[in-house]
Amino acid sequence: MKRFVPFLLAILALAAPGMGRAETGSWVTSGPVQARLVASVQGVGDLAKIPLGLEVRLEPGWKTYWRTPGDAGFAPRLDWSESRNLAATELAYPAPHRFTVLGFETAGYDAEVLFPIAATPAEPGKPLDLALKAELLVCSTICVPEMVALSLSIPEGPATPGPSANDIARAQSLVPGDGRASGLTVTAVRGQGTVLEVEVTAREPMVAPDVFVETDPPVTFAAPKSQFLDGDRRAILRMDATDPTPGLDLAGRAMTLTVVDGNRSVEAPATAAAGLGGGAGPAPAGLLAMLGVALLGGLILNLMPCVLPVLSLKLLSIVQHGGRAPAAVRAGFLASAAGIVTSFLILAGALVAVKVAGGAVGWGIQFQQPLFLVFMVVLVTLFAANLWGLFELPLPRAVADRLGGPEGQGLGGQFATGAFATLLATPCSAPFLGTAVGFALSRGALEVFAIFAALGVGLALPYLMIAAFPRAARLLPRPGRWMVALRRVLGGALALTALWLLSVLVVQVGEVPALAVAVLMGGLVAALWLGRRLAETARWAGAALAGLLAVVAFAVPAVFGPSAGAAPVAESTAARWTVFDEAAIREQVAAGRTVFVDVTADWCITCQANKKLVLNRGTVAQRLEDAGAVTAMRADWTRPDEAIARYLARHGRYGIPFNIVYGPGAPEGIALPELLTEGAVLDALDRASGTIKR
């Protein structure tokens with residue numbers, strides 16, 4: 001008979017699952033979920049509110065959601081309608097965790113969680129019979145809504161603590177409060193465009209703070225980037241909206257913030273003040289380091305293909321200085337350096353103004369505007385014509401004397417050469433330059449001006465070196481007849497630059513308007529040539545005709561309007577590239593594919609060099625053509641595109657080229673340097689596919 005006792009006890013347990021303790025309900029299983037109701041007390045006593053708990057356990061790899069789930073999911077849905085003697089319930093949420101998967105940002109819980117609940121009896125002192133239908137969305141590689149039916153009866157009697165009292169109290173302590181217990185305080189909230197900045201202080205040093213934002217209408221944010229100050233007792237957390245609506249500006253937006261750092265948390269209502277960097281701003285050491293990066297980036301910019309015409313002008317300028325007094329050489333080169341730095345500061349001011357107005361900012365985006373392209377075509381054509389000797393701009397003697405020298409050698413001309421160098425440098429992205437520009441444009445006006453001043457000094461360093469050692473100019477050949485041939489060659493180089501600008505204009509406004517501008521520029525050169533051959537009294541006729549043709553060129557984009565349709569891909573390998581679709585990246589990676597994204601533009605010389613030297617040749621081209629394993633996406637930023645601008649900003653980039661590789665081994669992406677190499681691309685493809693673990 002004794003051997004049947006365990007069997008009988010098991011039968012009784014199955015037949016009467018509610019025979020356990022009154023303050024603890026039975027576990028109910030549904031798919032990967034186990035759940036039960038628990039209470040802190042063994043009897044209702046005379047309590048106006050009875051502390052309960054919904055305890056949830058999840059199988060490994062599964063998660064469920066917070067009250068504001070984020071990009072996907074929904075919060076627990078509770079139905080108490082079949083309960084007896086229950087007037088109301090209040091569900092509290094412990095501080096959540098962040099889950100980032102394939103670019104989706106969600107908030108919730110994994111492994112296990114206990115939700116504190118305050119139950120209000122309809123008649124205090126009477127038994128409380130609870131019946132709960134809880135719908136929980138649980139996700140792993142798939143998402144499944146699970147329904148569990150739970151019950152718990154709390155009888156009359158003293159409200160003495162039960163075995164679950166400590167667990168419920170511990171869960172309640174994890175619910176974000178006003179910060180008095182946790183020692184966390186939200187001291188400032190600032191918003192600008194799609195960027196939110198939260199400043200937090202703590203009694204004890206912070207380790208890994210996170211912020212969850214609730215606002216109406218909802219906005220989802222990527223994980224914050226933290227900057228720690230005051231011995232890690234103060235942190236500035238900066239976040240970008242992951243999929244903002246057009247025209248979103250967080251300034252003035254009311255919101256509820258939940259800051260979590262380990263087991264500490266705080267919940268605080270706030271309204272975002274306008275602007276960023278209103279607190280401590282960037283750490284001085286970080287800004288100083290980035291100034292060094294900007295200086296190096298500006299120096300390397302001298303070696304980029306897009307600056308070669310400018311380097312040619314520099315060479316001619318150096319040769320023209322041969323044999324002059326050191327003081328004159330120094331003054332000329334300092335004027336050119338001043339032109340470069342001043343132009344960078346003007347560019348910084350324009351970017352700050354556009355940023356304050358809520359527009360998209362970036363390095364080289366002025367080349368997306370047809371009028372600017374026409375301006376550059378006219379300017380480069382005039383420089384080429386000047387080098388060919390088709391015209392001179394004689395200055396009044398008093399003005400020439402004030403500019404520091406005879407005609408053609410005055411400081412004003414040297415200053416203009418520096419400004420011209422800056423204009424032609426802007427469509428290029430050199431190593432370190434993208435990092436510096438991204439740092440500046442993601443911060444306040446002070447940082448933008450400081451970084452751009454450092455970039456200007458870097459680009460001007462060759463001039464400054466000659467200014468520091470002017471006698472070095474004497475080592476160059478002295479002026480002679482050979483300079484006439486050199487001027488013609490350099491004019492030809494600038495003419496090729498004008499043709500390249502016209503090819504970009506084709507994408508912006510179409511072939512017919514671009515051809516019209518080309519014809520007008522040909523007429524401009526012819527008018528200058530004709531004016532050169534006319535008698536002295538009639539030369540102004542040629543100059544006037546050239547000026548008229550230049551003015552007409554600016555009217556062409558307005559008359560013809562922008563070109564319809566997307567910019568075509570000119571490469572012979574265009575068939576293997578798909579149009580950029582950020583949402584499709586997640587789907588492709590989820591399917592186990594590798595995605596290579598190339599953000600490019602026809603006006604970006606560095607982008608074209610990357611294509612010719614790396615992407616369209618050799619092993620890299622073969623890997624990208626493997627349609628079964630790799631999806632190659634091209635985001636063409638030749639013309640303005642808000643989606644591409646937001647995508648770049650979310651990755652901290654404000655200039656191109658930008659190349660990034662996604663895959664099962666790197667769902668968040670592996671960003672590549674501005675100048676691509678075959679080894680770097682192949683290594684990123686292998687790591688993203690999961691072939692190489694690092």
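**Exercise 1: Helix H9**

Task: In this predicted model, find which residues of helix H9 (residues 433–441) are buried, and decide whether the helix is largely enclosed.

Solution: Start with the cut-off, since buried means under 20% relative accessible area. The residues of H9 that pass are Leu433, Gly434, Ala436, Val437, Gly438, Phe439, Ala440 and Leu441. That is 8 of the 9 residues, so H9 is largely enclosed by the rest of the structure.

**Exercise 2: Helices H6 and H8**

Task: How do helix H6 (residues 370–387) and helix H8 (residues 411–425) pack?

Solution: Two packed helices are described by the angle between their axes and the distance between the axes. Here the angle is about 135 degrees, and the axes lie 12 Å apart. H6 is therefore oblique to H8. Their crossing is left-handed. Next, look at who touches whom: H6 brings Phe372, Phe375, Met376, Leu379, Val380 and Phe383, while H8 brings Phe420, Leu423 and Leu424. Sorted by class, this contact has 9 nonpolar residues, no polar ones and no charged ones.

**Exercise 3: The nonpolar cores**

Task: Which residues touch the most other members of the largest nonpolar core?

Solution: This core has 59 residues, and the ones to pick out are Ile585, Val597, Val599, Trp603, Tyr647 and Ile656. Helix H6 supplies the largest share of this core, 11 residues. Now zoom in on Val599: setting aside neighbours within four places in sequence, valine 599 contacts Cys607, Ala635, Ile644, Tyr647, Leu648, Ile656, Pro657 and Phe658. Finally, another core of 36 residues lies apart from the largest one, and its members include Trp66, Leu130, Leu132 and Leu136.

Technical notes. Residues are numbered from 1 along each chain as its sequence is written. This is a predicted model: local features need pLDDT of at least 70, side-chain atom pairs count only at pLDDT 80 or more; totals for chains, interfaces and linings use all residues. Side-chain values use heavy atoms; hydrogens and water are left out. Buried means under 20% relative accessible area, exposed over 50%, partly exposed in between (1.4 Å probe, protein chains only). Helices (H or I, at least four residues) and strands (E, at least two) are DSSP runs, numbered from the N terminus. Axes are lines fitted to C-alpha atoms, for helices over the stretch in contact, and angles run from 0 to 180 degrees between N-to-C directions. Angles under 35 degrees count as roughly parallel, over 145 as roughly antiparallel, 65 to 115 as roughly perpendicular and the rest as oblique. A crossing is left-handed if the near helix is turned anticlockwise from the far one by less than a right angle, and right-handed if clockwise. Contact means heavy atoms within 4.5 Å. Ala, Val, Leu, Ile, Met, Phe, Trp, Tyr, Cys and Pro count as nonpolar, Asp, Glu, Lys and Arg as charged, and the others, Gly among them, as polar. A nonpolar core is a set of buried Ala, Val, Leu, Ile, Met, Phe, Trp, Tyr and Cys residues joined through side-chain atoms within 4.5 Å.
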